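Biologist: Walk me through this one, please. Keep it plain.

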Amino acid sequence: MKNIFSIVKFTLLIVVLFAVIYPLAVYGIAQFAPNQGKGETISVNGKVVGYQKIGQKFDQSNYFWGRPSAVDYNAAGSGGSNKGASNKEYLALVQKRIDTFLIVHPYLKKSEIPAEMVTASGSGLDPNISPEGALIQVKRVAKERKLAEAKVKALVESKINTPKIMGTPTVNVLELNVALDQLK
Amino acid sequence: MNTELFGIISIFIVTIVLAIPLGKYIAKVYLGDKTFFDPIFNPIEKFIFKISGINSTEEMNWKQHLKTLLSVNMVWFFLCFFILLFQGSLFLNPDNNPSMSPDLAFNTAISFLVNCNLQHYSGETGLSYLSQIFLMFLQFVSAGVGMAAAAMVFTAMKERTTDKLGNFYNYFIKSCTRILLPLSAVVAVVLLFSGTPMTFEGKDAITTLQGDQVEVSRGPAAAFIAIKHIGTNGGGFFGVNSAHPLENPTYFTNAVELWAQLIIPFAMIFALGFYLKKTKFAYVVFGVMTVGFLLLVIPTVISEINGNPAIEKMGIAQTTGSMEGKEVRFGPAISGFWSIATTVISTGSVNSMHDSSMPVSGTMELLAMMVNAFYGGCGVGFLNFYIFIILAVFISGLMVGRTPEFLGKKIEAREVKIAAFIAILHPLLILSGTALASYFAANNTAMGYWFSGNATGWLNNPGHHGFSEMLYEFTSSAANNGSGFEGLGDNNPFWNITTGIVLLLSRFIPIIGPLAIAGLLANKKYIPESAGTLKTDTTIFGVMVFAVIAIIAALSFFPALALGPLAEYFTLK
């Protein structure tokens, strides 16, 4: 019994070390991190329109679209579809997404659609698409906004992050759309 | 594509290179040599031990080690269980998340206690910040317990006869303060400046650019995610773990998190070599583990890059590979690499949804956990491998007609019986659990209290893949891994309680076994090496260990794999 009592005391003391002092130290350092460790936000005219790292739903035709999401981009939660590669229902859904995408972008060939535009991300909050995924939407967005295609294309190209040594090329959809809104 | 493959190779090599000096450092810590952190932590530790009345210098035998290990775990379990049960009405709960049901609290407390982090809840809605922080405490101490157990086995492997095997508290606190805490602090700071939040504010409500109302979950994540990887725990702060853009914001943080989960399991092997001054033996062990790891990782990366054949037929461009359940910023290549790193090591954090992995990858992820000895978790990885060494020594001793000896100690019936029992326990728990769940699913049994509705309701996918979901859940529990085919509806009494029991048994029995064997061997007479000794630091012995592992894993698990992911692979062709 005396033994258990010392273990309880020991536990409480190391709780202080690992669960109070350590997180508070990190919290202290966070005050010097971007946006004081509250998550980086993007503002338009002083109003926060989103978090830089968190994807948003775009389904209006005058915006670039992101990936399908299993949680509809509500970042109160997160989740993937968890569908297996051979699941028939899932494959039918992907086929439907391809068909819809082709109806909205009638100028495209099927083989130009990159896989991420018709498959759900792991988090349901993926902020990125591939450069190809953005470039194939240029014609639609330009037409919808009555902008020159070349101008919109140049904007997309300026928003492509190409990895120098390691990584994948990405386009942040929210940042692209914020810049698009400012394009005259 | 080249930048992706280069990413994988460089992360792997950098980790190995850095693991060697870290191994040297860990050996120094356990040998009690002076280290850089002594001036900071020596007084703190002295204070803690003085107040709690613990003598951290008295030498313990293996039974005392075990008794202490089990008692501290019991205290931690009850503390955690009650916090989770009442979190809804305790402090640090800005999102007003509810208290856990008893079966979920039971499962969660156990799974964090045993370094598994199975997580049948989602962090955003299932936990208060107080619970998150307390679970973070368990992430430190459960890793510390595994390392302390390994340190005792290291001590027992020295060339002498003794029953004095160091002090559990000493090994434990040093693992936590000298190794886990400094490394976690570094990783936490890197994450902070890459965009991971560390705030005590609750959800933020915003209006998106196109005008939707959404909320964004935040929290004290950076500190948590650091130890989740350094301690090979793997429990995510957010529901989708390291696939979440705040939990793992960039390709760079992904590399850091990979490094963080691999570094201690790698370094522990080198530490063994430096500790015993048998570096060649350590290199053989590391070599066997690396061969096993590469055999699992290469097919996985290839199958993820090749993409889903069923989607290929639809005629779209799978340029980078299979994207279902993957994030664009990582891509399929490194997601495939991660899925094996996290299952080979008992981390269980995910940066892609394993349920949507290609069937070959699913097979490899399962195999990685079924073997559970290539690198392995913090400390316990080596303990699992130790069992296979004992079996290999015994079998090869019999084959060449020499007395089975390991590091100057005779291996006899008692040790082999314990080792065989531990080796069989793992498949027994996985397969009987899966059989039970499959029986209910096959008959579509009405589960009553155990699950609302009929048993097939817990499956998210039909057919072979549904079977894989159940197999994966029990494999992950038995390997103390914690990743999942997350489509499985697992937050209900049936899964919470069955996996909870598997978790307990498969954590503590595989610690008790190696501790007992090492303790028994340490007590035996030391026989100096002679011409008749079977050398254990040679390639041939390495091959022998590998063969033992492969035979045990293949024979026990092949039928189950054939019913699940392998069958799915052939239907997809």
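Modeller: Contact here means heavy atoms within 4.5 Å. Helices (H or I, at least four residues) and strands (E, at least two) are DSSP runs, numbered from the N terminus. This is a predicted model, in which local features need pLDDT of at least 70 and side-chain atom pairs count only at pLDDT 80 or more, while totals for chains, interfaces and linings use all residues. Residues are numbered from 1 along each chain as its sequence is written, chains are lettered from A and ligands numbered from 1 in the order in which they are written, and side-chain values use heavy atoms, with hydrogens and water left out.

Biologist: Chain A then. Which domains is it divided into?

Modeller: Domain 1 covers 1–38 and domain 2 covers 40–182 of chain A; such bounds come from an automatic or database domain assignment. Taken over C-alpha atoms, the centres of the two domains of chain A are 40 Å apart.

Biologist: What is the strand order in the open sheet of chain A?

Modeller: The order is β3-β5-β4 in chain A, with antiparallel pairing. Strands pair if DSSP finds at least two bridges between them. β3 (128–129) and β4 (160–161) of chain A each have a single partner strand, so one side of each has no neighbour in the sheet.

Biologist: How many bridges link β4(A) to β5 of chain A?

Modeller: Two bridges, joining β4(A) to residues 170–172 of β5 in chain A. Asn161(A) sits opposite Thr170(A) of β5(A).

Biologist: Which helix lies across β3 and β5 of chain A?

Modeller: Helix α6 (residues 173–182) of chain A does, running at about 55° to β5(A). Axes are lines fitted to C-alpha atoms, for helices over the stretch in contact, and angles run from 0 to 180 degrees between N-to-C directions.

Biologist: And the hairpin of β1(A) and β2(A), how many residues are between the strands?

Modeller: Two, and Asn45(A) takes a positive phi near 50° there. Strands β1 (residues 41–44) and β2 (residues 47–51) of chain A pair in the antiparallel sense over four bridges, with Ile42(A) opposite Gly50(A).

Biologist: Over to chain B. At what angle do α2 and α7 of chain B pack?

Modeller: About 140°, with the axes of α2 (residues 38–52) and α7 (residues 168–193) of chain B 11 Å apart. α2(B) and α7(B) are therefore oblique to each other; under 35 degrees counts as roughly parallel, over 145 as roughly antiparallel, 65 to 115 as roughly perpendicular and the rest as oblique. Asp38(B) and Phe41(B) are among the α2(B) residues that meet α7(B), where the partners include Tyr169(B) and Lys174(B).

Biologist: Which residues of α3(B) meet α7(B)?

Modeller: His65(B), Thr68(B), Leu69(B), Val72(B) and Trp76(B) meet Phe168(B), Tyr169(B), Tyr171(B) and Phe172(B) of α7(B). The axes of α3 (residues 62–86) of chain B and α7(B) come within 9 Å and cross at roughly 55°, so α3(B) and α7(B) are oblique to each other.

Biologist: Which residue has a positive phi in the turn between β1(B) and β2(B)?

Modeller: Gly211(B), at about 100°, in a hairpin with five residues between the strands β1(B) and β2(B). Residues 204–207 and 213–216 of chain B, β1 and β2, pair in the antiparallel sense over four bridges, and Ile206(B) has Val214(B) as its bridge partner.
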